[in-house]
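These are my notebook entries from a reading of one structure.

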Amino acid sequence: MRGDPTVFEERNPALIVVLSMLTCGIYLFVWYYQTTDELRRATGDESIKPGLDILLTFVTCGIWWVYTDYRNAKKAYELATQMGLGRSDQSTMALILDLFAAVVTPLILQTEYNAIGKAARGER
(Lines give C-alpha, C1' and ligand atoms only; values in the text may rest on other atoms or scores of the structure.)
Protein backbone atom coordinates (compact mmCIF):
# COMPACT_ATOMS: atom_id res chain seq x y z
CA MET A 1 0.00 0.00 0.00
CA ARG A 2 1.63 3.23 -1.14
CA GLY A 3 -0.87 5.70 0.27
CA ASP A 4 -2.04 6.73 3.72
CA PRO A 5 -5.62 5.64 4.54
CA THR A 6 -5.62 7.75 7.71
CA VAL A 7 -6.29 10.82 5.49
CA PHE A 8 -9.99 10.03 5.30
CA GLU A 9 -11.81 12.65 7.34
CA GLU A 10 -14.82 11.29 9.18
CA ARG A 11 -18.02 12.95 8.01
CA ASN A 12 -21.67 12.39 8.83
CA PRO A 13 -23.19 10.84 5.67
CA ALA A 14 -26.68 12.24 6.33
CA LEU A 15 -25.27 15.73 6.84
CA ILE A 16 -23.75 15.56 3.35
CA VAL A 17 -27.20 15.12 1.86
CA VAL A 18 -28.71 17.88 4.02
CA LEU A 19 -25.93 20.36 3.20
CA SER A 20 -26.17 19.48 -0.48
CA MET A 21 -29.88 20.24 -0.48
CA LEU A 22 -29.46 23.48 1.50
CA THR A 23 -26.79 24.72 -0.93
CA CYS A 24 -28.63 23.58 -4.07
CA GLY A 25 -25.96 20.97 -4.75
CA ILE A 26 -22.87 23.15 -4.31
CA TYR A 27 -21.72 21.33 -1.16
CA LEU A 28 -21.86 18.04 -3.05
CA PHE A 29 -19.13 19.28 -5.38
CA VAL A 30 -17.02 20.40 -2.39
CA TRP A 31 -17.52 17.02 -0.70
CA TYR A 32 -16.79 15.20 -3.94
CA TYR A 33 -13.52 17.07 -4.48
CA GLN A 34 -12.40 16.54 -0.88
CA THR A 35 -13.20 12.84 -0.71
CA THR A 36 -11.79 12.06 -4.15
CA ASP A 37 -8.57 13.82 -3.16
CA GLU A 38 -8.52 11.84 0.10
CA LEU A 39 -9.02 8.64 -1.92
CA ARG A 40 -6.09 9.62 -4.17
CA ARG A 41 -3.86 10.19 -1.15
CA ALA A 42 -5.12 7.08 0.68
CA THR A 43 -4.44 4.79 -2.27
CA GLY A 44 -1.39 6.58 -3.63
CA ASP A 45 -3.06 6.46 -7.07
CA GLU A 46 -1.97 9.63 -8.84
CA SER A 47 -4.27 8.87 -11.79
CA ILE A 48 -7.18 10.05 -9.62
CA LYS A 49 -7.60 13.76 -10.34
CA PRO A 50 -10.57 15.31 -8.49
CA GLY A 51 -10.40 18.67 -10.29
CA LEU A 52 -10.43 16.98 -13.68
CA ASP A 53 -13.27 14.72 -12.55
CA ILE A 54 -15.42 17.75 -11.68
CA LEU A 55 -14.57 19.46 -14.97
CA LEU A 56 -15.44 16.34 -16.96
CA THR A 57 -18.67 16.01 -14.97
CA PHE A 58 -19.75 19.44 -16.25
CA VAL A 59 -18.56 18.75 -19.80
CA THR A 60 -20.44 15.44 -19.98
CA CYS A 61 -23.57 16.78 -18.24
CA GLY A 62 -23.09 14.44 -15.28
CA ILE A 63 -22.21 11.21 -17.06
CA TRP A 64 -18.60 11.34 -15.81
CA TRP A 65 -19.91 11.60 -12.23
CA VAL A 66 -21.57 8.19 -12.60
CA TYR A 67 -18.28 6.68 -13.77
CA THR A 68 -16.26 8.29 -10.97
CA ASP A 69 -18.70 7.17 -8.28
CA TYR A 70 -18.28 3.63 -9.60
CA ARG A 71 -14.49 4.03 -9.78
CA ASN A 72 -14.24 5.55 -6.30
CA ALA A 73 -16.37 2.81 -4.77
CA LYS A 74 -14.21 0.18 -6.49
CA LYS A 75 -10.97 1.86 -5.31
CA ALA A 76 -12.32 2.10 -1.75
CA TYR A 77 -13.19 -1.61 -1.83
CA GLU A 78 -9.75 -2.52 -3.14
CA LEU A 79 -8.12 -0.43 -0.40
CA ALA A 80 -10.32 -2.00 2.28
CA THR A 81 -9.42 -5.45 0.96
CA GLN A 82 -5.69 -4.63 1.05
CA MET A 83 -6.14 -3.53 4.66
CA GLY A 84 -7.90 -6.79 5.53
CA LEU A 85 -11.24 -5.15 6.25
CA GLY A 86 -14.38 -7.19 5.69
CA ARG A 87 -16.15 -4.63 3.50
CA SER A 88 -18.37 -5.46 0.55
CA ASP A 89 -17.90 -4.05 -2.95
CA GLN A 90 -20.33 -1.13 -3.28
CA SER A 91 -19.34 -0.16 -6.84
CA THR A 92 -22.31 -1.79 -8.57
CA MET A 93 -24.68 -0.35 -5.97
CA ALA A 94 -23.17 3.12 -6.55
CA LEU A 95 -23.72 2.72 -10.29
CA ILE A 96 -27.33 1.64 -9.90
CA LEU A 97 -28.12 4.34 -7.34
CA ASP A 98 -26.54 7.03 -9.53
CA LEU A 99 -29.00 6.04 -12.26
CA PHE A 100 -32.11 5.87 -10.06
CA ALA A 101 -31.51 7.56 -6.68
CA ALA A 102 -28.28 9.55 -6.90
CA VAL A 103 -28.83 11.28 -3.57
CA VAL A 104 -28.05 8.01 -1.76
CA THR A 105 -24.66 7.36 -3.38
CA PRO A 106 -22.72 9.87 -1.21
CA LEU A 107 -24.13 8.13 1.88
CA ILE A 108 -22.67 4.82 0.76
CA LEU A 109 -19.32 6.24 -0.32
CA GLN A 110 -18.85 8.27 2.85
CA THR A 111 -19.72 5.25 4.99
CA GLU A 112 -16.96 3.31 3.22
CA TYR A 113 -14.46 6.16 3.58
CA ASN A 114 -15.30 6.50 7.27
CA ALA A 115 -14.78 2.76 7.87
CA ILE A 116 -11.41 2.76 6.09
CA GLY A 117 -10.20 5.86 7.90
CA LYS A 118 -11.25 4.55 11.31
CA ALA A 119 -9.57 1.20 10.72
CA ALA A 120 -6.38 2.89 9.51
CA ARG A 121 -6.28 5.04 12.64
CA GLY A 122 -6.97 2.02 14.87
CA GLU A 123 -10.38 3.30 15.96
CA ARG A 124 -13.47 1.17 16.40
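Entry 1, terms and ground rules. I count a salt bridge where a side-chain nitrogen of Lys or Arg lies within 4 Å of a carboxyl oxygen of Asp or Glu. The model is predicted, so I take local features only at pLDDT of at least 70 and side-chain atom pairs only at pLDDT 80 or more, while totals for chains, interfaces and linings use all residues. Residues are numbered from 1 along each chain as its sequence is written, and side-chain values use heavy atoms, with hydrogens and water left out.

I searched the whole structure and found eleven salt bridges. I looked up Arg40 and found it bridged to Glu46, with the closest N and O atoms 3.2 Å apart. For burial I use relative accessible area: buried is under 20%, exposed is over 50%, and partly exposed is in between (1.4 Å probe, protein chains only). Arg40 comes out at 17% and therefore counts as buried. Glu46, at 49%, is partly exposed.

I then took Arg41, which forms a salt bridge with Asp37 at 3.3 Å between the closest N and O atoms. Helices here are DSSP runs of H or I, at least four residues long, numbered from the N terminus. Why are Arg41 and Asp37 about one helical turn apart? They are separated by about one turn because they sit four residues apart in helix α2 (residues 26-43). Arg41 is partly exposed at 37%, whereas Asp37 is buried at 16%. I noted that Asp37, Arg40, Arg41 and Glu46 are linked in a network of salt bridges.

Another bridge joins Arg121 to Glu123, with 3.1 Å between the closest N and O atoms. Arg121 has a relative accessible area of 32%, so I list it as partly exposed. Glu123 is also partly exposed, at 39%.

I pair rings of Phe, Tyr and Trp (its six-membered ring) if their centres lie within 6.5 Å; planes under 30 degrees apart are stacked, over 60 edge-to-face, and the rest tilted. The structure holds five aromatic pairs. One of them is Tyr32 with Trp65, stacked at 4.3 Å centre to centre and 25 degrees between the planes. This pair links distant parts of the chain, since Tyr32 is in helix α2 and Trp65 in helix α4 (residues 63-82), 33 residues apart. Tyr32 is buried at 1%, and Trp65 is buried at 13%.

I next looked at Trp64 and Tyr67, a tilted pair with 4.8 Å centre to centre and 50 degrees between the planes. They are three residues apart in helix α4, which means a separation of about one helical turn. Trp64 is partly exposed at 26%, and Tyr67 is partly exposed at 40%. Ring pairs also link Phe29, Tyr32, Phe58 and Trp65 into a cluster.

I looked up Ser91, which is found in helix α5 (residues 91-100). Is Ser91 buried or exposed? Its relative accessible area is 0%, so I wrote down buried. Leaving aside neighbours within four places in sequence, Ser91 is in contact (heavy atoms within 4.5 Å) with Tyr70, Ala73 and Lys74.

Leu99 also has its place in helix α5. With a relative accessible area of 56%, Leu99 is exposed.

Methods. Helix = DSSP H or I, 4+ residues; strand = E, 2+ residues; numbered from the N terminus.
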